[in-house]
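Q: I'm new to this structure and would like a close look at one part of it. Please pick a spot where two pieces pass each other, go through it slowly, and then show me what lies around it.

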Amino acid sequence: MKVVSINAEDDENYLSLVSDILDNEEFKELSNYVHHDSNRLQHSMNVSYISYLVAKKLRLDYKKVSRGALLHDFFFVDNHSISKTSRFKTLFMHSKYALLKSREHFELSKMEEDIILSHMFPVGIFLPKYKESILVDLIDDYVSILEAYTAKKKELSTAYSFLFVFMFNFIFR
């Protein structure tokens with residue numbers, strides 16, 4: 001699922017703010033990690049771009065929002081290859097993992113760090129300190145719900161297709 005499509009001709013201003021992140025080889029590896037009906041890279045781009053647009057409208061610090069939102073899930077735990085207990089722990093702690101990984105590669109402001117760290121509030125344990133952090137938290141929830149809905153919709157569509165084929169085969173035998 002692509003909630004938004006990021007192309008240079010779409011919004012050069014946005015891309016100029018985050019190009020160093022998008023060009024980072026390790027960051028690009030997020031495309032190998034499933035996130036609902038998408039991958040973690042696309043999910044992060046969706047959250048970042050929508051947050052950027054809303055922050056601009058609300059006259060918030062859209063530069064820091066763009067960068068913090070893009071890095072909010074910059075960690076390398078594959079939820080599909082670990083135990084349920086580990087997944088549960090990752091749910092609560094992945095913002096900390098993302099912050100540590102982001103610090104390895106980029107210089108972050110206090111606001112960007114807070115955006116990354118608190119993006120799972122209230123599920124995560126880190127309370128947002130800035131309006132921008134709350135915005136990214138809400139946009140992340142919104143995008144995640146859309147992605148999960150799209151994934152479930154595809155599953156149902158596949159199930160209905162199998163049911164139709166079964167019924168057709170049964171009736172016209």
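This is a predicted model: local features need pLDDT of at least 70, side-chain atom pairs count only at pLDDT 80 or more; totals for chains, interfaces and linings use all residues.

A: Let's take the crossing of H4 and H6, which is right-handed. Residues are numbered from 1 along each chain as its sequence is written, and side-chain values use heavy atoms, with hydrogens and water left out.

Helix H4 covers residues 62–70 and helix H6 covers residues 110–118; their axes come within 8 Å and cross at roughly 40°. That angle makes H4 oblique to H6. (Under 35 degrees counts as roughly parallel, over 145 as roughly antiparallel, 65 to 115 as roughly perpendicular, and the rest as oblique.) The axes are lines fitted to C-alpha atoms, for helices over the stretch in contact, with angles from 0 to 180 degrees between N-to-C directions. The helices themselves are DSSP runs of H or I with at least four residues, strands are runs of E with at least two, and both are numbered from the N terminus.

So who touches whom? On the H4 side you'll find Lys64, Val65, Arg67, Gly68 and Ala69, and they meet Met111, Glu112, Ile115 and Ile116 of H6. By class, this contact of H4 with H6 has 5 nonpolar, 1 polar and 3 charged residues. Contact here means heavy atoms within 4.5 Å. Ala, Val, Leu, Ile, Met, Phe, Trp, Tyr, Cys and Pro count as nonpolar, Asp, Glu, Lys and Arg as charged, and the others, Gly among them, as polar.

H4 has another partner in H3. The axes of H3 and H4 come within 8 Å and cross at roughly 165°. The two helices are therefore roughly antiparallel to each other. Their crossing is right-handed. Ser44, Met45, Val47, Ser48, Ser51, Tyr52, Ala55 and Lys56 of H3 make the contact with Tyr62, Val65, Ser66, Ala69 and Leu70 of H4. Sorted by class, that comes to 8 nonpolar, 4 polar and 1 charged residues. Val65 and Ala69 of H4 take part here, and they also meet H6.

In the loop between H3 and H4 sits arginine 59. Its phi is near 60°, a positive value in a residue other than glycine. With 77% relative accessibility, arginine 59 counts as exposed. (Exposed is over 50% relative accessible area, buried is under 20%, and partly exposed lies in between, using a 1.4 Å probe and protein chains only.)

The crossing of H1 and H3 is right-handed. Asn13, Tyr14, Leu17 and Leu22 of H1 touch Met45, Ser48, Tyr49, Tyr52 and Lys56 of H3. That contact has 6 nonpolar, 2 polar and 1 charged residues.

Lysine 28, in helix H2 (residues 25–28), is partly exposed, at 35% relative accessibility. Leaving out residues up to four places away in sequence, lysine 28 touches Leu22, Asp23 and Leu41. Lysine 28 and leucine 41 are 13 residues apart in sequence, with 6.9 Å from C-alpha to C-alpha.

Now follow H6 onward. Proline 122 is in the loop between H6 and helix H7 (131–171), and the peptide bond from phenylalanine 121 to proline 122 is cis, with omega near 5°. Over in H7 you'll find aspartate 137, which counts as buried at 6% relative accessibility. Beyond residues up to four places away in sequence, aspartate 137 touches Ser118, His119, Met120 and Phe121. Aspartate 137 and histidine 119 are 18 residues apart along the chain, yet their C-alpha atoms are separated by 4.3 Å.

Stepping back, the protein chain has 7 helices and 2 strands, in the order α-α-β-β-α-α-α-α-α from the N terminus. Of its 173 residues, 43% are buried.

Conventions: A crossing is left-handed if the near helix is turned anticlockwise from the far one by less than a right angle, and right-handed if clockwise.
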